[in-house]
Amino acid sequence: MASLLFPDAKGYHPTHMSFSFGNIALGLPLGIGIWFLVRCVLSGFYSVDQNERAVMTTFGRAERRENLTTLQDPISAGLQPDEKERYVYPQVRVILPGGPYFKFPWQKVYKVSIATQTVNIGFDPEAPSANMNGKELEAVTKDQLNTGLKGQLRYNVSDRNLYAFFFGIQNPIAHIMGYFVSILRERIANFEAPRKAASDDPAAGTMVQGISINDLRKNLTDISHHMELECVTAPARYGMALTAALITGIDPPEEVESALAAINTAHNQVSSSISLAQASADQKIVQSRRAVEIETLKAQAEVQLLNQMAAQLTTLKKSGPDALTLYLRNIKLALFNQARRAILAVKK
């Protein structure tokens with residue numbers, strides 16, 4: 001037995017507390033065993049939810065799929081040749097939903113939700129107060145007009161390139177938002193609406209030229225579709241897919257809104273006058289065509305009647321020399337029967 005001396009509460013009167021070295025020898029392995037059980041066995045079990053995907057690392061290295069890279073995956077098909085040299089990531093083993101799974105202490109599991117999320121196009125993950133607290137994104141049109149863009153962006157993590165999401169990029173959402181905003185601003189700055197030919201649109205020659213914001217407002221659906229096509233390579237770049245881009249509003253500054261409204265009003269009045277004139281002309285053309293058709297039908301009817309009469313006379317002539325005389329006499333009798341007064345020539 002061993003003893004230790006401890007001062008009492010008043011000062012220097014020793015109190016003896018003894019313990020056994022045998023208890024230490026027994027308790028230390030037991031504590032180590034309990035710690036190992038909790039740390040390495042019980043905490044080694046994990047599960048993956050239905051909307052999650054996971055990647056496991058061993059001593060910091062992700063488990064790979066042989067020697068495959070994202071260049072062998074269809075998500076890299078849209079990359080340019082120079083981009084394929086930069087955006088090359090190994091394909092990792094993806095842990096699907098389920099469990100329980102087991103990992104060793106030297107292994108680590110990274111989980112992420114692949115559910116679709118929606119953010120405003122003005123959202124900046126590194127500066128949430130920017131762009132009017134993420135509500136409106138500024139852009140410059142082709143005619144140097146500052147505009148405010150409003151809309152939503154839907155995205156989700158791509159389970160076909162989780163290496164880029166977990167280990168290749170420090171802040172994937174910041175990269176994907178910056179990529180989208182740069183493409184959108186470039187599209188707004190160079191957008192030109194397709195012009196219709198004069199034969200297809202009589203008012204095309206009178207439309208106000210050079211006001212690109214009017215064209216942008218008329219083609220919001222085309223702009224959204226273009227953005228979806230431009231962002232199809234996002235999974236290969238950043239491990240995140242842009243599922244939809246919806247531009248809902250394009251607003252100019254307040255100081256030019258009234259001027260644009262006046263221009264648009266004048267343009268609408270001109271277009272309305274042209275449309276009315278065109279409608280009136282079309283109506284007259286239709287009426288003229290109808291009148292021509294009616295007169296043509298009348299002439300054809302008269303010609304047909306004459307042809308029938310000529311055919312009858314030809315048939316009568318073939319019947320005998322007196323047939324025509326008798327036919328003319330019968331016609332005269334019918335006319336005399338209808339007439340109230342007849343004047344006959346008398347030979348003297």
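How much of the accessible surface of the protein chain belongs to carbon and sulfur atoms? In this predicted model, the share is 58%. The accessible surface as a whole comes to about 23,700 Å². The chain has 348 residues, and 30% of them are buried. Its secondary structure consists of 10 helices and 13 strands. Contacts were also sorted by separation along the sequence. Among contacts with a separation of 6 or more, 75% link residues 24 or more positions apart.

One nonpolar patch on the surface was examined. Five residues form this patch: Phe45, Phe59, Phe102, Phe104 and Trp106. Together they have about 570 Å² of accessible area. Strand β8 covers residues 98-102 and includes Phe102. The relative accessible area of Phe102 is 34%. Phe102 therefore counts as partly exposed, because that class lies between the 20% limit for buried and the 50% limit for exposed residues.

Helix α7 was considered next. The helix spans residues 220-230. Its buried residues are Leu220, Ile223, Ser224, His226 and Met227. Seen down the axis of α7, these residues fall within an arc of 160°, so they line one face of the helix. The face turned away from this buried side carries Thr221 and Leu229. Both of these residues are exposed.

Backbone geometry draws attention to two further residues, Glu66 and Asn131. Glu66 is not a glycine, yet its phi is positive, at about 50°. Glu66 sits in strand β6, which runs over residues 64-69. With a relative accessible area of 71%, Glu66 is exposed, because the cut-off for that class is over 50%.

Asn131 likewise has a positive phi without being a glycine. Here the angle is about 55°. Asn131 belongs to helix α3, residues 130-134. Its relative accessibility is 26%, so Asn131 counts as partly exposed. Thus Glu66 is an exposed residue of strand β6, whereas Asn131 is a partly exposed residue of helix α3.

Definitions and conventions. Residues numbered from 1 in each chain as written. Predicted model: local features only at pLDDT ≥ 70, side-chain atom pairs only at ≥ 80, totals over all residues. Heavy atoms only, no water. Patch = residues over 30% accessible without salt bridge, like charges linked within 9 Å, V, L, I, M, F, W, Y side chains within 5 Å. Areas by Shrake-Rupley, 256 points an atom, 1.4 Å probe, with all protein chains shown as cover. Salt bridge = Lys/Arg side-chain N within 4 Å of Asp/Glu carboxyl O. Helix = DSSP H or I, 4+ residues; strand = E, 2+ residues; numbered from the N terminus. Buried < 20%, exposed > 50% of the residue type's maximum accessible area, 1.4 Å probe, protein only. Contact = heavy atoms within 4.5 Å. Arc of directions from axis to C-beta.
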